[in-house]
Amino acid sequence: MAPLVANYYLTYRCNARCHFCNIWALEPGKEADFETIKHNLQDLRRLGVKYVDFTGGEPLLRQDVGQIYTEAKRQGFYTSMTTNTILYPQKAKEIQGLVDFLNFSLDGADAETHDHSRGVKIFDNLVESVKIAKSLGEFPVLNHTVTAQNYERIDEVGELGKNLGVRVWLNPAFTAHEHYNSNKNPTPQMVAAIEATAKKYKNVGYNKAALAFIEAGGNDTKNPRCKAVDAVIAISPNDELLLPCYHFAQTGVPIQGRLYELYRESEEVENYRQSQGKLKVCEGCTVWCYLIPSFFMGVDKYWWLNQVTYASEFLARKRFLQRA
Ligand code: SF4
Ligand code: SF4
């Protein structure tokens, strides 16, 4: 089965200062030029990938972001972007109609909470971005990460989405080897809060498979559900194939124009394919960027819950969009 998704990291630069992320503090490295990205997109198509999530860092910091999305659409990809919205008002027209799934990150329903989490004053900019996006015929979704610190206030986020006339997507904060919220999450309470909010607000969605998976304790290295290497191709800004995943990349293999051959034939990829989900860092992992694409592979209860989630979310978005 062909890999489903490319998680394409365009840059590790960021203009926000989120307290839960260290990307913005890293030394900015070299970034691949447009021609390199174009060639990799051609190889991704040859490999059967249909969906590219251009991510970062903040993807809108790339000067050629419009050119990259135009090329991805020209090659027939579905595309997505998650942005902190700082540059969205300036770049909105450049990327108009090129991003199929446009996500705006939201940490709290008011300026104080959101700006405190993001480390910069951007809440008003976010609200403005929603208005601009809608006026351009886009369908932005507020992407809200639910954490141990904010789960008691998800209602307010649902209300904000309702007032702005957009959908809200609730992502439980992922856990991963001694990082992020790890075992600090009060899982049953967070799960209950997510389910209750989605029941109350028609504009709120969440992934049922993800909730079931965190309730079960995440990835089990003895019986791994993660298929990071089979399902996802992760590419770094400096043109490396990240194995087995971005978050715990143990290896970055220089691509140098041979992504197709590397992914299909190299020993490195094959070795990580054999060990995906089985490494020490994989125990209890719920890194959704890899787990959710994995749920599309192999039929089990997560496969079913994932299918139900996306079928109903698609319908909800259509219904919601028609009403908005
Ligand atoms: S906007 Fe995203 S990449 Fe930038 S600091 Fe925040 S979480 Fe990290
Ligand atoms: S379980 Fe998958 S996503 Fe998590 S660290 Fe292992 S390979 Fe990466």
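**Helix packing, burial and backbone geometry in the predicted model**

Helices α8 and α12 cross in a right-handed sense (right-handed if the near helix is turned clockwise from the far one by less than a right angle, left-handed if anticlockwise). Helices and strands are DSSP runs, H or I over at least four residues for helices and E over at least two for strands, numbered from the N terminus. The model is predicted: local features need pLDDT of at least 70, side-chain atom pairs count only at pLDDT 80 or more, and totals for chains, interfaces and linings use all residues. Residues are numbered from 1 along each chain as its sequence is written, chains are lettered from A and ligands numbered from 1 in the order in which they are written, and side-chain values use heavy atoms, with hydrogens and water left out.

The axes of α8 and α12 (residues 288-295) come within 10 Å and cross at roughly 110°. Axes here are lines fitted to C-alpha atoms, for helices over the stretch in contact, with angles from 0 to 180 degrees between N-to-C directions. The two helices, α8 and α12, are therefore roughly perpendicular (65 to 115 degrees; under 35 counts as roughly parallel, over 145 as roughly antiparallel and the rest as oblique). On the α8 side, the contact is made by A209, A210, F213 and I214. On the α12 side, W288, L291 and F295 take part. Contact means heavy atoms within 4.5 Å. The residues of this contact between α8 and α12 divide into seven nonpolar, no polar and no charged. Ala, Val, Leu, Ile, Met, Phe, Trp, Tyr, Cys and Pro count as nonpolar, Asp, Glu, Lys and Arg as charged, and the others, Gly among them, as polar.

Helix α8 spans residues 208-215, and six of its eight residues are buried, so the helix is largely enclosed by the rest of the structure. Buried means under 20% relative accessible area, exposed over 50%, and partly exposed in between (1.4 Å probe, protein chains only). The buried residues of α8 are A209, A210, L211, A212, F213 and I214. N207 caps the N-terminal end of α8. A side-chain oxygen of N207 lies 2.7 Å from the backbone nitrogen of A209. Just after α8, G217 takes a positive phi of about 100°.

The axes of α1 (residues 34-46) and α2 (residues 65-74) come within 10 Å and cross at roughly 20°. Helices α1 and α2 are therefore roughly parallel to each other. Their crossing is right-handed. F34, I37, K38 and L41 of α1 meet Q67, I68, E71, A72 and R74 of α2. The residues of this contact of α1 with α2 comprise five nonpolar, one polar and three charged.

The loop between β2 (51-55) and α2 holds D64. D64 counts as buried because its relative accessibility is 16%. The side chains of D64 and R62 are joined by a polar contact of 2.8 Å. A polar contact is a pair of N or O atoms within 3.5 Å; within protein, one must be able to donate a hydrogen and the other to accept it, and residues adjacent in sequence count only if both atoms are side-chain atoms. G57 also lies in the loop between β2 and α2. A cis peptide bond joins G56 and G57, with omega about 20°. L243 and P244 are likewise joined by a cis peptide bond, with omega about 0°. P244 sits in the loop between β11 (240-243) and β12 (251-254).

Positive phi values also occur at non-glycine positions. T85 has a phi of about 75°. T85 lies in the loop between β3 (78-83) and α3 (88-91). At 0% relative accessibility, T85 counts as buried. D239 has a phi of about 65°. This residue, D239, lies in the loop between β10 (232-235) and β11. D239 counts as buried at 11% relative accessibility.

W169 belongs to strand β6 (residues 167-172). W169 counts as buried at 10% relative accessibility. Leaving aside neighbours within four places in sequence, the contacts of W169 include V141, L142, N143 and H144. G205, Y206 and N207 are also among the contacts of W169, as are T309, Y310, E313 and R317. W169 and V299 are 130 residues apart in sequence and 25 Å apart in space, C-alpha to C-alpha. G252 is found in strand β12. G252 counts as partly exposed at 30% relative accessibility. Not counting residues up to four places away in sequence, G252 touches E240, L241 and L242. G252 and F296 are 44 residues apart in sequence and 25 Å apart in space, C-alpha to C-alpha.
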